[in-house]
Every structure is written in structure tokens, then in C-alpha cells.
Amino acid sequence: MLKNKMNMLRSFISIITVLFLISCNSNSKIPQVAKVDIVFQEDSLEFTDSQKVFISMVISKSEEEVRKLLPNLTDSINVIVEQVDWDLDSVGGVTGRTETNHPPLVLVQISNNYREGIADSLYSGLKATIYHEFHHISRGWAIQDNKFISGIPNAMVNEGLAVAFTEIYTGTINEVNSYPMDADSWVKEILALPLDANYAQWVMGEHPDGRNYIGYRTGNFLVRKAINKSGKNILELSELMPEEIIKLAGY
Ligand SMILES: [Zn+2]
């Protein structure tokens, strides 16, 4: 009888041990809350404390939302935020760039020169900028250690994916990313460009013929066309290589 009780007790203890180990194991897999590290660069212009709190909140919240949509988004993304007096009216008062994949580094510039000042920039542009740049990080599209070979077609597709993703999930639409009526011929023009075509002219700057943001606008068009023709959504397309997306769009 006593032996039975001892056996039962021993089984009970081992069950508890197993449950404890399982719970420890699953605890270790629970994602940490802070997946993003925000630094304020204030060499010339300073933020107020409340601005910093608000900026941090918008970035963290956006990061959580993007991570749910793009679960392969890398951990520990560094975001350096800087205040500038540039004219960023066409992009909602905020701009950014994905500098490196390793370490994951995104630079964000917030204009104090937008409509009523910095608060307006924060509301309009910060969330959209984080969605755009974090989409780049999830694909490895970075300035210094880019995972894609150079060439305007790759830029067109990667920028188009980030633009469409941001427009679809934030509802923020900037006129500079709108595609023109003859976007179809712009796509063909880009696909025929030499590998060393001028990046500034063809992707985000102004072309000598007067067109601007050609890569962004054409990319947005191309990605929407690929969505319509293939029935795949923007998240499914975001897992594909540029050549596959170009093909799905019918080129
Ligand atoms: Zn971009």
C-alpha cells in the first residue's frame, strides 16, 4: 500500500516536472516585447520628451503590426530618428531609408517644416514610413548590404511591393507613388534598361524628361497588376523574387 502511494507520488512528481519543463520551454519561445531599438539623433535639432514618447509609441505599434503581417521580419531592428527642416510635404512629412540588413538599421527623418509642424508629420507619415522600411528589411532590400543584384527592375519591384504594402495596410496614399495612365509602357522601358542605368533618375529622383519617382510609381502599378492577374495577395507576392513578380504581372 505504502509502496503504491510512493509510486503514485513519484509519478505525480515526474508529471509536474514534465509540465514545468514544457512551460519553461514555451516561455522561452514567447517573443520579447521589444523587437525594435529606437535612438534619437539630436545633433542639431532636439525633440521634446513628449514627442519622443509619442514617436516611440508609433514605431513600436507599427512594428508589432508589420510583424504580424510579415512574420519573417528580423529581430532587434535599430531605428535612428532624426528631426530635419526639409520639405517633405509630398511624403507626409516623414521619410526613411533602410541602411543595412546586418545589423538591421533604418534611418527615419521627421520634418518640422510640414504643415503645422512636427506633430502633423508624426501623425501623417511616421506609421507609413515604418511599414515601408520594415517591408524592405523583411526582403533584405538595403542600401549597403543589399541581398538583390543591382538594376532598376529589382528596385522597381522591391519599391513597388513596399509602396503597395503600405498603401493597403495603412491607407496612407502619397501622390508621388501614383501610377500614370501609360505605366504599362514605363514597365517595358524599365525592363529594357541597361544594368548600370542611373538609379536617381529612374527610381526616386527626377528624370531629365520631367517624370519623377518613376521606379516607385511603376513598381506600384506592376505589383497591383500582379495581384490582379495572379489572385495572390500582397503578402504572398512579398515572398517571391522580382523575376517571378514581373512574370505574374504579364511581362
Ligand atoms: Zn523604399
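1. Is the crossing of α5 and α7 left-handed or right-handed? In this predicted model, the crossing of these two helices is left-handed. Helix α5 covers residues 183-191 and helix α7 covers residues 214-230, and the two pack with their axes 9 Å apart at an angle of about 110°. Since angles of 65 to 115 degrees count as roughly perpendicular, α5 and α7 are therefore described as roughly perpendicular to each other.

2. The contact between these helices can be followed residue by residue: on the α5 side A183, W186, V187 and I190 take part, and they meet I214, R217, T218, F221 and L222 of α7. By residue class, this contact of α5 with α7 consists of seven nonpolar residues, one polar residue and one charged residue.

3. Helix α7 also packs with helix α4 (residues 152-170), here at an angle of about 70° and with the axes 7 Å apart. This angle, too, falls in the range of 65 to 115 degrees, and α4 and α7 are therefore roughly perpendicular to each other.

4. From α4, the residues I152, A155, M156, V157, E159, G160, L161, V163 and A164 meet a set in α7 made up of G215, Y216, T218, G219, N220, L222, V223 and R224. The residues of this contact of α4 with α7 divide into 10 nonpolar, five polar and two charged. A reader tracing α7 may wish to look at T218 and L222, which are listed in the contact with α5 and also in the contact with α4.

5. Turning to the strands, four of them form an open sheet of mixed pairing, in the order β1-β2-β4-β3. Its edge strands are β1 (36-41) and β3, each of which pairs on one side only, and the twist from one strand to the next averages 20°.

6. Strand β3 (residues 94-100) and strand β4 (residues 105-111) run antiparallel and are joined by six bridges, and together they form a hairpin with four residues between them. Strand β2 (residues 77-84), by contrast, runs parallel to β4, to which seven bridges join it.

7. Finally, helix α2 (residues 49-69) lies across strands β1 and β2, and the direction of α2 is at about 150° to that of β1.

Notes:
Residues are numbered from 1 along each chain as its sequence is written. This is a predicted model: local features need pLDDT of at least 70, side-chain atom pairs count only at pLDDT 80 or more; totals for chains, interfaces and linings use all residues. Axes are lines fitted to C-alpha atoms, for helices over the stretch in contact, and angles run from 0 to 180 degrees between N-to-C directions. Angles under 35 degrees count as roughly parallel, over 145 as roughly antiparallel, 65 to 115 as roughly perpendicular and the rest as oblique. A crossing is left-handed if the near helix is turned anticlockwise from the far one by less than a right angle, and right-handed if clockwise. Two residues are in contact if their C-beta atoms, placed from the backbone, lie within 7 Å. Ala, Val, Leu, Ile, Met, Phe, Trp, Tyr, Cys and Pro count as nonpolar, Asp, Glu, Lys and Arg as charged, and the others, Gly among them, as polar. Two strands pair if DSSP finds at least two bridges between them.
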